[in-house]
Amino acid sequence: TSAPVVLGVESSCDETGFGIVSDGVLLGQGLASSARQHAEFGGVVPEIAARAHLDAAVPTLQIALADAGVELGDITHVAATSGPGLATAVHVGLAAAKSIAWALDVPLYGVHHLAGHAAADTLEHGPLPDESIVLIVSGGHTSILHVRDLVRDPIVHLGDTLDDAAGEAFDKVARLLGLGYPGGPVVSKAAAGGDPRAFTFPRALMRGGDAPYMFSFSGLKTAVARTVETIERDGAAVPIADIAASFEQAVVDVLVAKALKAVREKDLQTLVIVGGVAANARLRTSAQEACDRAGIELRIPPISLCTDNGAMIAAVGDLLVRAGAEPSGLAIPADPSAVL
Ligand code: KG4
Ligand code: ZN
């Protein structure tokens, strides 16, 4: 029998993604984003995201097919994000995936969005080792996962955020500093010329005690807000670069410390970082230095695979197919608040 050709569909937030994977190899993908439509609101608006998925679905699928050089009829399996995510957004992609699977009479697999993120790096660097720690940092997630065999073993969710996600913290601080949206790129650009030690912002739960892998970023955001207010009240110029750099350093310190603690505590050799915040230069440098010191391998896929995309969902689908997993069937419900 020839290799499966798996179509992956992602629509859990503001990215409409289709990816095609065969035997662990990414054949091609298409991606559309409604990010610009949410800019004026400073965050993703679910109804706008869902409508944008509807508009983008067919054209983006066509781009993925052309990029992969395959016909729709060549698809042998379909995988789609069934959750977690914005309810209306998940529904659109899942309904599209069901329609395609039904029309082609091929099996459909529901995929957990975080399993997709964990699988993304396999498309760049090959199969994951037997065990690894995966740090997912984006506008929607801040999660530390203990991953073994992606389709045979349950993923263990070691921790996530009690309030804001890491990327969300960047977005909120960007708004506070009047820098625009999405916040990550503009804050790190502003931080480039700043002194990361100019302000001592809180590093919440750093020691962690009974919550070694939990994060909290809302206090950090409030501390930045108070600092800006105080400076403005004194009539002084707000040192944007120093505040941005000090904020960024506080986020990075916590992310790197907790991710490395998980790798060491589980006695593993590999840390994978994915999600939009993995684009952050200070995070990449700091994680690389810490991993080098600890003799740990650091894997970060290219940013196109770090952010939400259909290829990572296809990657999980491809693993499921090759492992002989049971398809979910066309009746699979969306599970917007899916847990691992
Ligand atoms: O993975 P992603 O594209 O979408 C989801 O949220 O699922 O991540 C977007 C997030 C945004 O919050 C954005 O501000 C953040 O990633 N981000 C960054 C950088 N580039 C994007 N955060 C820090 N530094 C960056 N260079
Ligand atoms: Zn995501």
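I note that the domain bounds come from an automatic or database domain assignment.

Before going on, I noted that this is a predicted model, in which local features need pLDDT of at least 70 and side-chain atom pairs count only at pLDDT 80 or more, while totals for chains, interfaces and linings use all residues. Residues are numbered from 1 along each chain as its sequence is written, and chains are lettered from A and ligands numbered from 1 in the order in which they are written.

**Entry: the shell around ligand 1**

I found that 20 residues surround ligand 1, the closest being Ser138, Gly139, Gly167, Gly184 and Gly276; a residue counts here if its C-beta atom, placed from the backbone, lies within 6 Å of the ligand. By class, the shell holds six nonpolar, 11 polar and three charged residues, where Ala, Val, Leu, Ile, Met, Phe, Trp, Tyr, Cys and Pro count as nonpolar, Asp, Glu, Lys and Arg as charged, and the others, Gly among them, as polar. Helices α6 (166–176) and α7 (183–191) each supply at least two residues of this shell; helices are DSSP runs of H or I with at least four residues, strands are runs of E with at least two, and both are numbered from the N terminus.

**Entry: two glycines**

I then looked up Gly139, which is found in the loop between β6 (132–137) and β7 (142–147), and Gly184, which is found in helix α7. Gly139 is buried, because 26 other C-beta atoms lie within 10 Å, the cut-offs being 20 or more for buried, 12 or fewer for exposed, and partly exposed in between. Gly184 is likewise buried, with 26 other C-beta atoms within 10 Å. Leaving out residues up to four places away in sequence, Gly139 touches Gly167 and Gly276, among others, and Gly184 touches residues including Gly167, Gly276 and Asn280; contact requires C-beta atoms within 7 Å. In the unreviewed UniProt entry, the annotation "binding site" includes Gly139 and Gly184, though such annotations may be inferred rather than shown by experiment.

The C-alpha centres of domain 1 and domain 2 lie 27 Å apart, and 16 residues of domain 1 are in contact with 20 residues of domain 2. On the side of domain 1 that touches domain 2, I found the largest share, six residues, coming from α4. By class, that side has 12 nonpolar, four polar and no charged residues.

Note on methods: Contact = placed C-beta atoms within 7 Å.
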